[in-house]
Amino acid sequence: MTRIGILLSGRGSNFVAIAKAIQEKRLLGAEICVVLSNREDAPGLQAARELGLPAFDVPSAGRKRVEHDAEMVARLHQHGVDLVCLAGYMRLLSPAFVQAFPKRILNIHPSLLPAFPGLDAQQQALNYGAKVTGCTVHFVDEELDHGAIILQRVVAVEDGDDVDTLSARVLEQEHITYANAIQRVVSGRYELRGRRYLRKTERGLS
Ligand code: GRF
């Protein structure tokens, strides 16, 4: 059983979608062991408690990144976590954090990376005039929104879209895509060749 630790800073809808996928057996071989937030007022923490999951805030305000990250890593180890899923966690991880879980940290980003990394990705797509955007689940490395891509899903940008309508359609796809990507990683049937994530099937790599 893969032991997942969720890190979030806000709403937590991706976390809830992952929890639901596990509960409904659409995501097998994984359980959420702990939910951590750098913000004590994160609605996602409350949602975790309502689901009966261990949920803790580890405040980051006014603390050095290395110090805060060391506490996060310690908490994850305490709960026996072997896969970390960032779900709206609004902090860049320190190299020490990334190295504590090599190729075992995932993130979801609301664009088709490498387009529009960083904040307000949906607004960036609109401003750029992109006709398609989407979401990306990727391994986390030391750079922002940068590690090897596991899965992407495309969302068309409509003429009538504003940031709210576009974000809502992207979010719908995020909820499906994150659980699917976690399932792929949990299954272990893949190989990483440089930046390329390749699925292994009975007939070899696909
Ligand atoms: C999502 O759009 C995710 O892609 C981004 O932050 C947002 C978090 O939303 N990294 P939620 O907290 O999961 O609802």
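Figure 1. Buried means under 20%, exposed over 50%, and partly exposed in between, with a 1.4 Å probe and protein chains only. The model is predicted: local features need pLDDT of at least 70, side-chain atom pairs count only at pLDDT 80 or more, and totals for chains, interfaces and linings use all residues. Residues are numbered from 1 along each chain as its sequence is written, and side-chain values use heavy atoms, leaving out hydrogens and water. Asn-38 sits in the loop between β2 and α2. Helices (H or I, at least four residues) and strands (E, at least two) are DSSP runs, numbered from the N terminus. Its side chain makes polar contacts with the side chains of Ser-9, at 2.7 Å, and Ser-60, at 3.2 Å. A polar contact is a pair of N or O atoms within 3.5 Å; within protein, one must be able to donate a hydrogen and the other to accept it, and residues adjacent in sequence count only if both atoms are side-chain atoms. Beyond four places in sequence, the contacts of Asn-38 (heavy atoms within 4.5 Å) include His-68, Tyr-89 and Arg-91.

**Figure 2. Helix α2 and its buried residues**. Helix α2 spans residues 43–50, with Gly-44, Leu-45, Ala-47 and Ala-48 buried. Seen down the axis of α2, the buried residues fall within an arc of 160 degrees, so they line one face of the helix. The arc is that of the directions from the helix axis to the C-beta atoms. Their cover includes β1 (2–8), α1 (13–23), β2 (30–37) and β3 (55–57). Just after α2, Gly-52 takes a positive phi of about 80 degrees.

**Figure 3. The largest nonpolar core**. This core holds 36 residues. Such a core is a set of buried Ala, Val, Leu, Ile, Met, Phe, Trp, Tyr and Cys residues joined through side-chain atoms within 4.5 Å. Ile-6, Phe-15, Ile-32, Val-35 and Ile-182 have the most contacts inside it. Helix α6 (residues 163–187) gives the most to this core, with 6 residues.

Figure 4. A polar side-chain atom of Ser-13 lies 2.5 Å from a ligand oxygen atom. Backbone N or O atoms lie 2.7 Å from a ligand oxygen atom for Gly-12 and 2.8 Å for Asn-14.
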